[in-house]
Amino acid sequence: MATPMKIIESLKVIDSRAKFMGIKLTMIRNLLEKYRDDKDLLKEVLKALRGSHLYDLVLEACPYLKDLENEILEEELTGHIESKIKKEEPVQGCILEGEVPIFVYMKEYLRKYYFKDSTPKIFYDIGKDYALFLDVKTFEEMENKIKKYFGNMRVESSEPLIIVIENNKECENCKATEPICYFTSGFIAGCLESIADKLYIVNVEEIKCKAKGDEYCSFKAKRVARLA
């Protein structure tokens with residue numbers, strides 16, 4: 001019975017012994033074609049190969065596996081957000097203390113009466129989609145957009161990429177027990193994907209939030225997959 005590890009061992013043998021790239025890709029293609037209908041098995045192989053030389057070879061030999069990788073990413077991102085929501089159930093939102101920007105009020109209103117536990121994912125997706133709609137092309141343009149819509153931005157670390165936003169408008173006059181800047185997180189992810197010509201999927205997580213007493217809001221960005 002085929003297992004992910006057995007397939008990976010076979011791929012390693014092909015990679016080490018086939019001297020010409022055309023032959024190597026053909027052998028990889030022929031090997032994986034046997035398991036084309038076993039999506040779960042191929043998903044495990046792709047997960048295990050991420051970040052390796054073999055991963056790139058497999059996608060080059062079998063372009064159809066890019067669709068499978070996209071499915072994996074969607075499952076992982078959805079699972080990450082759902083597990084976070086489950087851990088924090090129910091989503092408590094925030095306490096509004098004084099005048100807040102209208103979109104902050106709208107987000108809290110929609111959370112309370114409509115979206116409830118789906119609020120983090122919905123606003124993350126909206127923020128990301130809006131950034132892609134703006135079609136940001138450079139990091140400088142991204143910085144200007146963030147300054148316009150959220151607050152002053154600076155890069156705290158490049159590896160991993162951590163972006164700090166001072167006085168983020170999304171949590172202005174808000175108090176919460178957990179980070180609440182879902183829209184900002186999605187917006188940063190969308191900007192980074194747009195800058196990379198949508199060749200990568202980027203996941204962004206807020207690790208500090210002024211609403212819960214931190215000095216500023218900070219966001220950790222991670223490139224989770226190559227799409228082309």
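Buried means under 20% relative accessible area, exposed means over 50%, and partly exposed lies in between (1.4 Å probe, protein chains only). By that cut-off, Lys43 is buried, because its relative accessibility is 9%. This is a predicted model: local features need pLDDT of at least 70, side-chain atom pairs count only at pLDDT 80 or more, and totals for chains, interfaces and linings use all residues. Residues are numbered from 1 along each chain as its sequence is written, and side-chain values use heavy atoms, with hydrogens and water left out. Helices (H or I, at least four residues) and strands (E, at least two) are DSSP runs, numbered from the N terminus.

- Four strands make an open sheet in the order 2-3-6-5, with antiparallel pairing. Strand 2 and strand 5 (200-208) are at the edges with a single partner strand each, so one side of each has no neighbour in the sheet.
- From one strand to the next, the twist averages 25 degrees. Axes are lines fitted to C-alpha atoms, for helices over the stretch in contact, and angles run from 0 to 180 degrees between N-to-C directions.
- Helix 8 (residues 139-149) packs on the sheet and touches strand 2 and strand 3. The direction of helix 8 makes about 135 degrees with that of strand 2.
- Two strands pair if DSSP finds at least two bridges between them. Strands of a sheet pair through backbone hydrogen bonds, either parallel or antiparallel.
- Strand 2 (residues 152-158) and strand 3 (residues 161-166) run antiparallel and are joined by six bridges. They form a hairpin, with two residues between them.
- Asn152 stands opposite Glu166 of strand 3.
- Five bridges pair strand 3 with strand 6 (residues 217-226), again in the antiparallel sense. Val164 has Ser218 in strand 6 as its bridge partner.

**Helix 6 and its surroundings**

- Helix 6 spans residues 102-115, and its buried residues are Val104, Lys107, Glu108 and Arg111.
- Those buried residues pack against strand 1 (95-96), helix 7 (119-134), strand 4 (174-175) and helix 9 (182-195). Contact here means heavy atoms within 4.5 Å.
- Tyr105, Tyr109, Tyr113 and Tyr114 form a nonpolar surface patch with about 500 Å² of accessible area together. Areas come from the Shrake-Rupley method with a 1.4 Å probe; for residues, only the protein chains shown count as cover.
- Patches are made of residues with over 30% relative accessible area and no salt bridge; like charges are joined within 9 Å, and nonpolar side chains (Val, Leu, Ile, Met, Phe, Trp, Tyr) within 5 Å.
- Tyr113 counts as partly exposed because its relative accessibility is 46%.

**Salt bridges**

- The whole structure holds 13 salt bridges. The criterion is a side-chain nitrogen of Lys or Arg within 4 Å of a carboxyl oxygen of Asp or Glu.
- Glu170 bridges to Lys107, with the closest N and O atoms 2.7 Å apart. Glu170 sits in the loop between strand 3 and strand 4 and Lys107 in helix 6, so the pair ties together parts 63 residues apart in sequence.
- Both partners count as buried: Glu170 has 0% relative accessibility, and Lys107 has 5%.
- Lys128 bridges to Glu193, with the closest N and O atoms 2.8 Å apart. This pair links distant parts of the chain, with Lys128 in helix 7 and Glu193 in helix 9, 65 residues apart. Lys128 and Glu193 are buried.
- Lys137 bridges to Asp135, with the closest N and O atoms 3.2 Å apart. Lys137 is partly exposed at 45% relative accessible area, and Asp135 is partly exposed at 36%.

- A network of salt bridges links Lys39, Lys43 and Glu71.
- Lys43 lies in helix 3 (residues 39-49). Leaving out residues up to four places away in sequence, Lys43 touches Leu68, Glu71, Ile72 and Glu75.
- Lys34 lies in the loop between helix 2 (21-33) and helix 3. Lys34 counts as exposed because its relative accessibility is 64%.
- The C-alpha atoms of Lys34 and Phe183 are separated by 43 Å, and the two residues are 149 residues apart along the chain.
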